[in-house]
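Here is a friendly walk through one protein model, written for someone who likes to keep the structure open while reading. Please have your viewer ready.

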Amino acid sequence: MTTAPYLEDKIEDYFDKLQILNQCVWDNVCDKPQINKWLEQFKGDVIAADDEKKYMIYALSKFMFFSQRMVREMLISLYRDFIKAPIIQNIRRNHENTTNSKQITKLYSENLNTTRFIGVGNPAESGAHLLYIFRQVNNLEKKLFCDLHGAFDIVTDPNGEAPQWVARVENIKRYIFFDDFVGGGTQASRYLEKPIASIRNNNPDIELIFISLFSTSNGLSKLNEEKLFNGKASCLFELDETFKSCSTGSRYFEKHPTWFSIETFRTIAQHYGTPLYEKALGHGDCELLLGFSHNTPNNTLPIFWKNGSMNGSSISWIPIFERFDKNYGLWRTK
């Protein structure tokens with residue numbers, strides 16, 4: 001353990017701010033006893049224990065947590081700004097900039113009927129879960145939603161070539177793929193690259209779009225590659241490099257107390273995060289301070305979300321914003 005100057009403000013100073021956040025923004029997801037249990041795990045391995053706790057409660061006060069109420073509002077904004085508005089703009093452009101509301105409504109309804117929304121990944125994952133809420137809050141018909149295998153048949157080529165993805169319904173003109181969060185974009189790429197190539201090959205006029213609530217800049221750039229969505233991937237909130245909490249230039253700590261050091265914070269996060277997760281600074285080294293009511297991305301610092309131990313370690317950890325990991329079953333180990 002190294003020594004550090006006494007940190008002049010007190011831990012209690014931050015509880016007032018956290019109480020307001022918890023009651024007014026976080027929908028009471030963590031109270032003071034829960035926060036104290038989490039803080040007690042920082043035992044002074046890097047700097048004095050009280051000072052480590054002060055670093056952590058200060059970081060917690062900067063954490064971006066989105067409650068169910070806030071997520072619902074974001075899903076409304078996502079539909080309005082990235083789907084409805086562009087379609088209506090296109091309708092008006094193709095009809096002499098009409099302002100006839102009845103005509104626009106009729107044409108929009110017809111256009112929407114040739115659209116399908118598809119959740120990325122397994123139907124039990126968070127993207128598909130939020131797509132259900134997305135349908136509710138935007139008052140959309142159930143028939144507009146399906147999974148990838150519900151939208152396309154996989155047809156085996158008799159000559160041994162790669163299987164073809166063939167649309168089940170012929171008049172669909174637009175497929176909108178949805179996910180709640182994109183980190184590096186590699187998971188979506190693995191899941192969608194081959195199907196998208198086949199879909200484009202068989203249906204060159206079909207529009208393929210990707211939308212999400214949050215995406216890192218790197219993930220969005222990956223999805224916008226020509227072989228994926230070719231510039232038609234977008235998100236409500238883009239997380240650039242300034243959202244890395246442990247790096248110089250982090251927006252979380254732009255105006256920090258005189259005692260705060262980003263290097264010390266990084267060292268504490270790495271020290272306590274290393275036994276918990278293979279990436280002590282979060283998956284893809286994203287260093288995020290981000291969580292949702294339905295789950296916390298593994299791109300967030302694991303000291304905030306990891307529950308229990310990793311790889312049989314004797315270390316037990318109590319999270320503040322617990323992450324519910326995906327259970328892939330035994331096949332992943334074979």
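## About the model

This is a predicted model, in which local features need pLDDT of at least 70 and side-chain atom pairs count only at pLDDT 80 or more, while totals for chains, interfaces and linings use all residues. Residues are numbered from 1 along each chain as its sequence is written, and side-chain values use heavy atoms, with hydrogens and water left out.

## The chain as a whole

The protein chain holds 11 helices and 9 strands; these are DSSP runs numbered from the N terminus, with helices being H or I of at least four residues and strands E of at least two. Along the principal axes, its C-alpha atoms fill a box of roughly 70 × 55 × 30 Å.

Of the 334 residues, 47% count as buried. Buried means under 20% relative accessible area, exposed over 50%, and partly exposed in between, using a 1.4 Å probe and protein chains only. Among contacts with a separation of 6 or more, 66% come from residues 24 or more positions apart, where contact means heavy atoms within 4.5 Å.

Two packed helices are described by the angle between their axes and the distance between the axes. Axes here are lines fitted to C-alpha atoms, for helices over the stretch in contact, and angles run from 0 to 180 degrees between N-to-C directions. Angles under 35 degrees count as roughly parallel, over 145 as roughly antiparallel, 65 to 115 as roughly perpendicular and the rest as oblique.

Helix 1 (residues 11–24) packs against helix 2 (residues 32–39) at about 135°, with the axes 11 Å apart, which means that helix 1 is oblique to helix 2. Their crossing is right-handed; a crossing is right-handed if the near helix is turned clockwise from the far one by less than a right angle, and left-handed if anticlockwise. Helix 1 brings Ile11, Glu12, Phe15 and Leu18 to this contact, and helix 2 brings Lys32, Ile35, Asn36 and Leu39.

With helix 3 (residues 49–60), the axis of helix 1 comes within 10 Å and crosses at roughly 20°, so helix 1 is roughly parallel to helix 3. This crossing is left-handed. Ile11, Tyr14, Phe15 and Leu18 of helix 1 meet Asp50, Lys53, Lys54, Ile57, Tyr58 and Leu60 of helix 3.

## Helix 4 against helix 6

The axes of helix 4 and helix 6 (residues 126–137) come within 9 Å and cross at roughly 70°, so the two helices are roughly perpendicular. Residues in the contact include Leu75, Tyr79 and Ile83 of helix 4 and Leu130, Ile133 and Phe134 of helix 6. By class, the contact has 10 nonpolar, 1 polar and 1 charged residues. Ala, Val, Leu, Ile, Met, Phe, Trp, Tyr, Cys and Pro count as nonpolar, Asp, Glu, Lys and Arg as charged, and the others, Gly among them, as polar.

Arg69 lies in helix 4 (residues 68–93) and is partly exposed because its relative accessible area is 44%. Not counting residues up to four places away in sequence, Arg69 touches Cys24, Val25 and Asp27. Its side chain makes a polar contact of 3.1 Å with the side chain of Asp27; a polar contact is a pair of N or O atoms within 3.5 Å, and within protein one must be able to donate a hydrogen and the other to accept it, with residues adjacent in sequence counting only if both atoms are side-chain atoms.

His294 sits in the loop between strand 9 (290–292) and helix 11 (302–305). The side chains of His294 and Asp180 are joined by a polar contact of 2.9 Å.
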